Amino acid sequence: MGSLSRLDLSVVLHQKKGKRMMKPLLSSSTCFLFFFFLVVSFWCSQSIIAQKAATDPSEVRALNTIFQQWDTHTWNISGEPCSGFALSQSDSVLEDPSNNPAIRCDCSFRNNTLCHITSLTVYALDKRGVIPEELLDLPYLTFLSISHNDLSGPIPKELGSLKELYYFFVRGCADCVYRLPLEFGRNINSCGLGGEIPSTFANLVQLRNVWASDNAFTSKIPEFVGNNWTKLTSLQFIKISRRFQGNSFEGPIPSSFANLTSLNSLRISDIYNGSSSLDFVRNLKNLTDLVLRNALLTGVLPSYIIELQSLQKLDLSFNNFIGSIPSNIFTMGSLRHLFLGNNSLSGAIPGQKSEALQTIDLSYNLLSGNLPSWVNSGLQLNLVGNNISLNSLNIWRLPGLECLQRSFPCNQDAPRYAKFSIKCGGSQIISNGIEFEADDRPLGAATYVVNGARNWAVSNVGLFADRQNEQYEENTLAQVRGTNTPELYHSSRLSPGSLRYYGLGLENGLYTVNLFFAETGFPDRSSQSWKSLARRVFDVYILGTRKLRDFDISKEAGGVERAITKNFTVNVTENRLEIHLFWAGKGTYCTPEQGYYGPSISAISVVPYFISTAMGSKEKNWTKLIVVLTVSVVVLVSILIFSIFHLKRKKQDDEEVLLDLCPRLITFRYSELKAATEDFISSNKLGEGGFGDVFKV
């Protein structure tokens, strides 16, 4: 049945005053029934056409061979592939987890009698093996997604002959090292590419999407990226996208990027050896997401950023910007997340802020002055490492911030502490005789927390990109091996960017820093699951010195859910200690889920490598109290013993003095008296006295 371009079901004619109005030709209920009849008739006609059409036999054989190689039992190889959901042109059908694996067909060939497979999805089914060459027998493919499986080996170069292929997703393969032929692809996804980007890639002028994160690209970003790849698009993000994160690109960023005017997402990080300016950004008016983090950007922040009126996220952190912050950036109506930390920005914080801007990172700059009136505890605001003026009138709005300014003044003049232990992301626990204090207060994209005793603190900066549920702690019940206290690893802190722990008011001297790690975020490689392909990679700095580079917890520990402790000896000279966990854009990005990456740590313990004399330390106070009590008891007991001995001695001496003052008495035994008186014979009796008879002897 042909389509109807116009259907007039009723007519209403307004006539001059006094004239009657013409009634509708059809009632509303009749209209509904008639429209319903048309829809049903159209659907039935399409079903009849589809039933008459059949899938190209060569494509049926190729599809069945592919699924047999991948051991896909859920696929019915005996039925007609291009039927049912395969005829739907809705993207939601391909994205439905219950319809996986899935195909989409076009049955408009040969007068609606022949169907060709145009889309193929085998997503996250833990399929193992290689990418089959039988895909070449599906020449009408426009969409191919085999992401998040455990595939290995090279991508067949012959796939470049699939002229219709616009979207090819193969993220999450174990060893997909390949070089794309000139004819191949409109998309480059992250999958183990390495070396320089070949100059022949300049001919890939039809590229719609480039995700080059987590590869080993080196050398400079070619100029042809901006000159030739001007049609970049991304179906997954449903926006034009360009990402170069986690590589080893050398600067500067090509000025030709100014030609990529269709971009609405640009992410470049971790450039080395070559500074850049922001001039190329000026013409990118469609940007909603601009991340140029740790990219060696220099100069002042340009005021023309406000011309990017669709911008929602701006991350220029870890660069070399100087000067003041343009006040109009804070009043951009669309901007929601602003990260300007770790630069050399100076001056005051802008006095006005839009309601939309709720996440602000200005940490580690040279900002000074008072807090603006818009500052409140409900914002995600990080001002650690500046020179902000704080007094009794405004300090309550950001409690503890005075301890984390550039001078770190808390307890500095009279160091009170010589050790601390923290249970990162969890409750208090005792492990191997060490009491780990609770660190269970929530963190966010730009937050800090100072503990009650003000002897340690934590600061976090970063927003998990492309993640629906922001989560900065991870909890598990896994029985972590290699430790006597698995509970120590049941929680951990996570960060998508920069996570710092501080020891405050420490006595200067050598310390041993113990960092406790265990990977509990994804399964072991032995599970043969695509999720086990995840890699968490980050750096660790202590007091500004990098101690661990490209640290991979599971690799170092020999597998997941295994405890590993890293120990370092450091010299504290300014009464404070800083432990910095930093994500440099490396490791997997969306495994086991979208936006899952960055540092993780379970616990920290710092102990002195010397005999501490710090006053006021909790442990020192107990030691001193015990010593004082012990000495006091010993002295009191000694005095008591001496007193008792002295009194007894004095009593004996007094008795001897009394005896010396009186005549000495002569005493006799009874037998001697009896013999002397001849047994008390009466002839010897002299008389009677006061004590009885008196005898002569």
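Arginine 493 and aspartate 439 join their side chains in a salt bridge, with 3.0 Å from N to O. Arginine 493 sits in strand β30 (residues 491-494) and aspartate 439 in strand β26 (residues 434-439), so this pair ties together parts that lie 54 residues apart in sequence. Please keep in mind as you look around that this is a predicted model.

How buried are the two partners? Arginine 493 has 0% relative accessibility and counts as buried. Aspartate 439 is buried too, with a relative accessible area of 2%.

## Other salt bridges

The whole structure holds 15 salt bridges. One of them pairs arginine 104 with aspartate 91, where the closest N and O atoms are 3.2 Å apart. Here the link runs between a strand and a helix: arginine 104 belongs to β2 (residues 102-109) and aspartate 91 to α3 (residues 91-95), so parts 13 residues apart in sequence are tied together. Arginine 104 counts as buried because its relative accessibility is 10%, under the 20% cut-off. Aspartate 91, at 42% relative accessibility, counts as partly exposed.

A further salt bridge brings together the side chains of arginine 454 and glutamate 402, at 2.5 Å from N to O. Both partners are in loops: arginine 454 in the one between β27 and β28 (456-461), glutamate 402 in the one between β23 (387-388) and β24 (420-424), so the pair ties together parts 52 residues apart in sequence. Arginine 454 is partly exposed, with a relative accessible area of 33%, whereas glutamate 402 counts as buried at 15% relative accessibility. Elsewhere, Arg267, Asp289 and Asp466 are linked in a network of salt bridges.

In soluble globular proteins, nonpolar side chains tend to be buried together. In this model, the largest nonpolar core has 59 residues, and Leu292 and Leu316 are the ones that touch the most other members. Two or more residues of this core come from each of the strands β13 (265-269), β14 (289-293), β27 (446-450) and β31 (498-504).

What does leucine 316 touch, leaving aside its neighbours within four places in sequence? Its contacts beyond those neighbours are Leu278, Leu292, Leu297, Leu301, Ile305, Phe321, Phe339, Leu340 and Asn343. There is also a second, separate core, made of 45 residues, with Ala418, Val449, Tyr472 and Leu577 among them.

Definitions and conventions
Residues are numbered from 1 along each chain as its sequence is written. This is a predicted model: local features need pLDDT of at least 70, side-chain atom pairs count only at pLDDT 80 or more; totals for chains, interfaces and linings use all residues. Side-chain values use heavy atoms; hydrogens and water are left out. A nonpolar core is a set of buried Ala, Val, Leu, Ile, Met, Phe, Trp, Tyr and Cys residues joined through side-chain atoms within 4.5 Å. Buried means under 20% relative accessible area, exposed over 50%, partly exposed in between (1.4 Å probe, protein chains only). Helices (H or I, at least four residues) and strands (E, at least two) are DSSP runs, numbered from the N terminus. Contact means heavy atoms within 4.5 Å. A salt bridge is a side-chain nitrogen of Lys or Arg within 4 Å of a carboxyl oxygen of Asp or Glu.
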